[in-house]
Amino acid sequence: MVIAEDGLIVREGVAGMLRRFGHDVLAAVGDAEALVAAVAEHRPDIVVTDVRMPPGFSDEGLQAAIALRTADPDLPVLVLSQFVAPTYAAELLDSGRSAGVGYLLKDRVGEVAEFVEALVAVAQGQTVVDPEVVRQMLGRRKDPLSTLTAREREVLALMAEGRSNTAIARRLVVTEAAVAKHIGSVLTKLALPPDADDHRRVRAVLAFLRG
């Protein structure tokens, strides 16, 4: 993988942590230009990048990630952000193909097991969105989300995080049959077509939440 983070301590910390978990860090760079160059040189199986990077410290890392996915739609990318920014998440999710994309808050790096789990999921082609971003997206829509039950809203949030039916059942301590029933109800109430493909299901839900 290739890591891009302008903060030296954070960059080396993340790289060291991932190496301890058995991941091969091919390059760890400090700006968007170096990120693009490192990807061209090493052709990694996943990119992990910060949003704000030199020289402007606005969204250089995000735009580099989008450009990389435009050039190679199958390149998995996990973007880290200091702040909740649903618009950034939407831009990233709209880039490349649906598979292999993630948007997490930097705070998740401190939750090592969850961060590594998210990284592996993105590398395997799944979609992962930070729960706080999902909550903000949910908060922006009133109708027809207001028709959902409390349990259905929980299931919707977990769906938008890219979790499978099995993972949702485990998190909510219910059966997979119950999860399937809730998902069917959610998709019906939101007028979203059911789809066995998790990636398209997540993208459909996120598209609705973005409004």
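Which residue is the bridge partner of serine 81 in E5? I started my notebook with that one, and the partner I found is leucine 105. A reminder to myself before going on: this is a predicted model.

**Entry 1**

I stayed with E4, which covers residues 77–81. I looked up burial along the strand, and 5 of its 5 residues are buried, so the rest of the structure largely encloses E4. I then sorted the side chains by direction: Val77, Val79 and Ser81 point one way, while Leu78 and Leu80 point the other way. The cut-off I kept in mind for "buried" is under 20% relative accessible area.

Next I checked the pairing. E4 and strand E5 (residues 101–105) run parallel, with 5 bridges between them. E4 is also joined to strand E3 (residues 47–50), again in parallel, by 4 bridges.

**Entry 1: strand E3 and Asp50**

I turned to E3 itself. Both of its faces are covered, with Val47 and Thr49 buried on one side and Val48 and Asp50 buried on the other. E3 also pairs with strand E1 (residues 2–4), in the parallel sense, through 3 bridges. Here my landmark is alanine 4, which stands opposite threonine 49 of E3.

UniProt, in an unreviewed entry, lists Asp50 under "modified residue: 4-aspartylphosphate". Is aspartate 50 buried or exposed in this model? Its relative accessibility is 6%, so aspartate 50 counts as buried. I also confirmed that aspartate 50 belongs to strand E3.

I went through the loops on either side of E3. On the way in, arginine 43 lies in the loop between helix H2 (32–42) and E3. Arginine 43 is not a glycine, yet its phi is positive, at about 50°. Its relative accessible area is 64%, so I wrote arginine 43 down as exposed.

On the way out, I looked at the loop between E3 and H3, where proline 55 has its place. The peptide bond from proline 54 to proline 55 is cis, with omega near 10°. Phenylalanine 57 is found in the loop between E3 and H3 too. It is another non-glycine with a positive phi, in this case about 55°. With 45% relative accessibility, phenylalanine 57 counts as partly exposed.

**Entry 2: the largest pocket**

Last, I looked for open space. The largest pocket holds about 540 Å³. It is lined by 21 residues, and those closest to its centre are Glu114, Glu117, Glu161, Arg163 and Arg171.

Which element gives the largest share of that lining? My answer is H5, with 6 residues. Helix H5 (112–123), strand E6 (127–129) and helix H8 (165–172) each contribute at least two residues to the lining.

I finished by sorting the lining residues of this pocket by type: 10 are nonpolar, 4 are polar and 7 are charged.

Terms used. Residues numbered from 1 in each chain as written. Predicted model: local features only at pLDDT ≥ 70, side-chain atom pairs only at ≥ 80, totals over all residues. Heavy atoms only, no water. 1 Å grid on protein atoms, 1.4 Å probe; cavity = no way out; pocket = protein on both sides within 12 Å on 5 of 7 lines; lining within 4 Å. Points joined across faces, edges and corners; volume = space filled by probe spheres on them. Nonpolar A, V, L, I, M, F, W, Y, C, P; charged D, E, K, R; others polar. Buried < 20%, exposed > 50% of the residue type's maximum accessible area, 1.4 Å probe, protein only. Pairing = 2+ DSSP bridges. UniProt positions renumbered as here; feature names shortened; annotations may be inferred.
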